[in-house]
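Student: I have a protein model open and would like to understand how it is put together. Could we go through it step by step?
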Amino acid sequence: MIPFIVRPLDVLAEVLLDKTLRPILFAAIDQDHNGQISLEELRAKLQSRGAGGMGAEKVAELFKQMDTDGDGFISMEEWCVTSSPL
Ligand SMILES: [Ca+2]
Ligand SMILES: [Ca+2]
């Protein structure tokens, strides 16, 4: 039994599961192209994709999960090794 509830982030999760697409998505989120994703960049992207249900706190939580070394930024390496943060 599969509940047919489409969460806004399911699309993002699917893209993240496809390793070949991850660098592309990373570049799309990395607005200032410094090779790292900041909390603001992730938040801006999630909200622009219509993830209205995702509050700032939830985004911060997601960010924390992906920022495995805790330096306050998600590097390409961290981005690619995080299998499914959602
Ligand atoms: Ca950046
Ligand atoms: Ca990091």
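Tutor: Let us begin with a term: two residues are in contact if their C-beta atoms, placed from the backbone, lie within 7 Å. Please keep in mind that this is a predicted model.

Student: Of the contacts between residues at least 6 apart in sequence, what share joins residues at least 24 apart?
Tutor: In the protein chain, that share is 49%.

Student: How many helices and strands are there?
Tutor: The protein chain has 5 helices and 2 strands. Starting at the N terminus, their order is α-α-β-α-α-β-α.

Student: Which residues make up the largest nonpolar core?
Tutor: That core has 7 residues: Ile37, Leu42, Leu46, Leu62, Phe63, Ile74 and Trp79. At least two of the core residues come from helix H3 (39-48), and at least two from helix H4 (56-66). In soluble globular proteins, nonpolar side chains tend to be buried together.

Student: And what percentage of the chain is buried?
Tutor: Of the 86 residues in the protein chain, 13% are buried.

Student: Changing topic, where is proline 23?
Tutor: Proline 23 belongs to helix H2.

Student: Is proline 23 buried or exposed?
Tutor: Proline 23 counts as exposed because it has 12 other C-beta atoms within 10 Å, and the cut-off for exposed is 12 or fewer.

Student: What about histidine 33, where is that?
Tutor: Histidine 33 sits in the loop between helix H2 (22-29) and strand E1 (36-37). Histidine 33 is also exposed, with 7 other C-beta atoms within 10 Å.

Student: What is the phi of histidine 33 near?
Tutor: Its phi is near 50°, a positive value in a residue other than glycine. Most residues other than glycine have a negative phi.

Terms used: Residues numbered from 1 in each chain as written. Chains lettered and ligands numbered in written order. Predicted model: local features only at pLDDT ≥ 70, side-chain atom pairs only at ≥ 80, totals over all residues. Core = buried A, V, L, I, M, F, W, Y, C linked by C-beta atoms within 7 Å. Buried ≥ 20, exposed ≤ 12 C-beta atoms within 10 Å, placed from the backbone. Helix = DSSP H or I, 4+ residues; strand = E, 2+ residues; numbered from the N terminus.
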